[in-house]
Amino acid sequence: MSTVAVRLRGGRRKGAGLGLVAWLLGIVFFLPIAWMALTSFHSEADAATNPPSFGAALTLDGYREFFGTGGGASPWPALVNSAVASVASTLLVLLLALPAAYALSVRPVKKWTDVLFFFLSTKMLPVVAGLLPIYLFAKNTHLLDNIWLLVILYTSMNLPIAVWMMQSFLAEVPVAVIEAAQIDGARLPTILARVVAPIALPGIAATALICFIFSWNELLFARVLTGVVAETAPVFLTGFITSQGLFLAKVCAASLVISLPVLAAGFAAQDKLVQGLSLGAVK
Amino acid sequence: MTATTTAPIAATPARTKGVPSARLKAWATRAPLLPALVFMIVVTQLPFVATLVISFFDWNALYPKARHFTGLDNYRQVLTDADLRHSVWTTVLLTVAVVVVSLVLGLALALLLDRRFRGRGVVRTLLIAPFLVVPVAAALLWKHVLYNPEYGLLNGLLHYVGGPQPDWISNTPLLAVEASLVWQWTPFMMLILLAGLQSRDHQQIEAARVDGASDWQIFRHLTLPHLRRYLELGALLGSIYIVQNFDAVFTITSGGLGTANLPYTVYQSFYQAHENGLASAAGVLVVIGSIVIATFALRVVSSLFREEVARG
């Protein structure tokens with residue numbers, strides 16, 4: 001009895017110790033982000049001190065500078081471009097992936113696993129493999145610096161992930177319900193909208209958020225294919241690569257504002273994040 | 001990795017009453033799949049075929065009239081050019097270092113988070129956050145806010161303990177890029193391994209514990225074998241993403257100081273040097289490297305996938 005009690009107490013103490021280690025590591029990993037947030041609210045003079053000024057006065061100057069009220073280039077066109085590219089490509093992905101996933105799960109075609117793996121294999125083709133022909137194509141068809149070209153490319157980038165994720169979500173829809181709807185004479189679009197979508201909706205939402213994140217983050221295509229008009233937020237950020245005097249607070253404000261949509265989408269999709277990132281292999 | 005699937009044009013589903021032929025029915029089943037399939041083949045496979053063709057030409061965009069077929073000459077150049085060979089080596093080094101370190105750190109964090117403790121949800125959220133910073137923003141954060149030799153946070157913290165004040169990026173450029181990537185990718189590994197840990201057979205572990213197995217024995221003989229495929233999956237998916245990394249190299253060092261990896265080199269050789277043929281040959285080499293990794297990755301994904309299908 002007493003030995004059991006001792007073992008239990010020992011186990012609990014060890015558990016609390018390891019909990020503390022986990023907390024410590026969590027804080028270490030989060031520290032750069034916390035420091036970035038704090039610095040974004042410091043004046044440029046306070047942001048560039050050594051040792052760091054933790055308790056310096058807070059100000060919104062960094063944000064004012066970033067949003068261009070201080071005279072620099074406004075980030076709004078880039079933010080709008082990113083929003084258009086991410087939202088439009090995500091909608092296009094859903095439009096293409098939903099029927100495809102249906103044909104790979106609810107009423108599977110023959111050899112449906114082969115088709116599924118073809119989609120996956122395209123994801124493993126590096127972006128640089130097709131970059132030059134796409135650039136030459138865009139140049140000759142005057143699509144350079146056109147946001148809709150990015151919409152098409154981001155759709156191809158995310159479609160395999162979406163097909164895989166949705167295939168696994170749709171597989172959870174009971175076949176009996178669909179058959180009942182078919183007996184009632186419902187056609188495919190009706191079945192998709194009225195029967196399948198409501199059951200699979202949480203999964204579809206998570207898929208959309210993950211596609212949104214990848215499109216919002218993308219740099220290489222955007223960097224090569226856009227210029228002045230269609231510049232996206234990550235391309236706008238590359239303007240900060242070379243130091244420009246005292247500009248730390250502004251860089252921090254910019255990085256934080258541009259990361260906010262991704263942080264929000266990521267935390268909203270937290271539960272399905274692993275499944276999306278592992279292309280549906282891990283649930 | 002070219003398409004082996006032929007893509008027929010969508011047929012309209014049968015609208016006539018009566019018994020539709022089996023063939024028509026098969027087409028009706030296939031129809032919803034075709035738009036996505038055709039889209040993927042056109043947007044991803046065709047450009048790669050074009051890259052493959054261009055890679056056999058000597059083609060500088062500044063002298064378009066001098067374009068001519070050279071066979072394997074571009075590949076010979078890519079493989080013998082010291083800079084390009086170096087970038088192959090950098091790619092391997094960068095990928096292996098980031099994958100291995102973030103996998104080990106991710107495993108430690110996953111094991112810690114698999115236990116119950118106060119505030120576990122909060123710690124999980126804190127740990128995921130680095131993965132949810134836009135990659136360019138994360139690279140800027142490391143370059144300017146952490147690594148800056150005069151007022152960066154790292155040297156600021158070292159200042160408190162009277163440590164040295166190194167110039168991180170100039171002294172150890174590749175390590176600087178790697179550290180920022182490890183910070184972003186450890187959460188990814190942690191999430192996959194945590195999912196693996198939580199799919200363990202808890203009755204089996206309980207039984208082993210009752211039989212007097214120690215924590216280490218349980219980890220070594222039950223947990224680790226179960227995690228093996230999750231570790232493989234994390235390593236392979238991580239490799240696929242990091243082999244392609246462009247953002248961190250472009251932002252932190254702009255490919256300088258010997259940190260140019262293959263994707264950066266491909267970008268530079270056609271975007272700045274206008275060497276279309278050479279860039280394509282280097283691109284094809286990246287693809288060949290990816291295919292080697294991808295073949296293993298597909299095998300792991302498929303074994304996990306079949307398990308899921310069998311279970312469901």
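The following dialogue examines how several descriptions of this predicted model rest on their definitions.

Residues are numbered from 1 along each chain as its sequence is written, with chains lettered from A and ligands numbered from 1 in the order in which they are written. In this predicted model, local features need pLDDT of at least 70 and side-chain atom pairs count only at pLDDT 80 or more, while totals for chains, interfaces and linings use all residues.

Student: Why is B:Thr186 called buried?

Tutor: A residue is buried if 20 or more other C-beta atoms, placed from the backbone, lie within 10 Å of its own, exposed if 12 or fewer, and partly exposed in between. B:Thr186 has 26 C-beta neighbours inside 10 Å and therefore counts as buried.

Student: In which helix does B:Thr186 lie, and which residues does B:Thr186 contact beyond four places in sequence?

Tutor: B:Thr186 belongs to helix H9 of chain B, residues 173-198; helices (H or I, at least four residues) and strands (E, at least two) are DSSP runs, numbered from the N terminus. Contact requires C-beta atoms, placed from the backbone, within 7 Å. By that criterion B:Thr186 meets B:Ser102, B:Leu105, B:Gly106 and B:Leu109, its neighbours within four places in sequence being left aside.

Student: What is the secondary structure of chain A, and of chain B?

Tutor: Chain A comprises 13 helices and zero strands. The radius of gyration, taken over C-alpha atoms, is set against a globule rule of 2.2 Å times the number of residues to the power 0.38. For the 283 residues of chain A the rule gives 19 Å, and the value of 24 Å is well over that, so chain A is more spread out than a compact globule. Chain B has 14 helices and two strands. Its radius of gyration is 25 Å, well over the 20 Å that the rule gives for 312 residues, so chain B is likewise more spread out than a compact globule.

Student: What makes up the largest nonpolar core?

Tutor: Such a core is a set of buried Ala, Val, Leu, Ile, Met, Phe, Trp, Tyr and Cys residues joined through C-beta atoms within 7 Å. The largest has 174 residues, and those with the most contacts inside it are A:Ala97, A:Val163, A:Met166 and B:Ala282. Not counting residues up to four places away in sequence, B:Ala282 touches B:Val78, B:Leu84, B:Leu262, B:Thr265, B:Val266 and B:Ser269.

Student: How many of the residues in each chain count as buried?

Tutor: Buried residues form 46% of the 283 in chain A and 43% of the 312 in chain B.

Notes: Contact = placed C-beta atoms within 7 Å.
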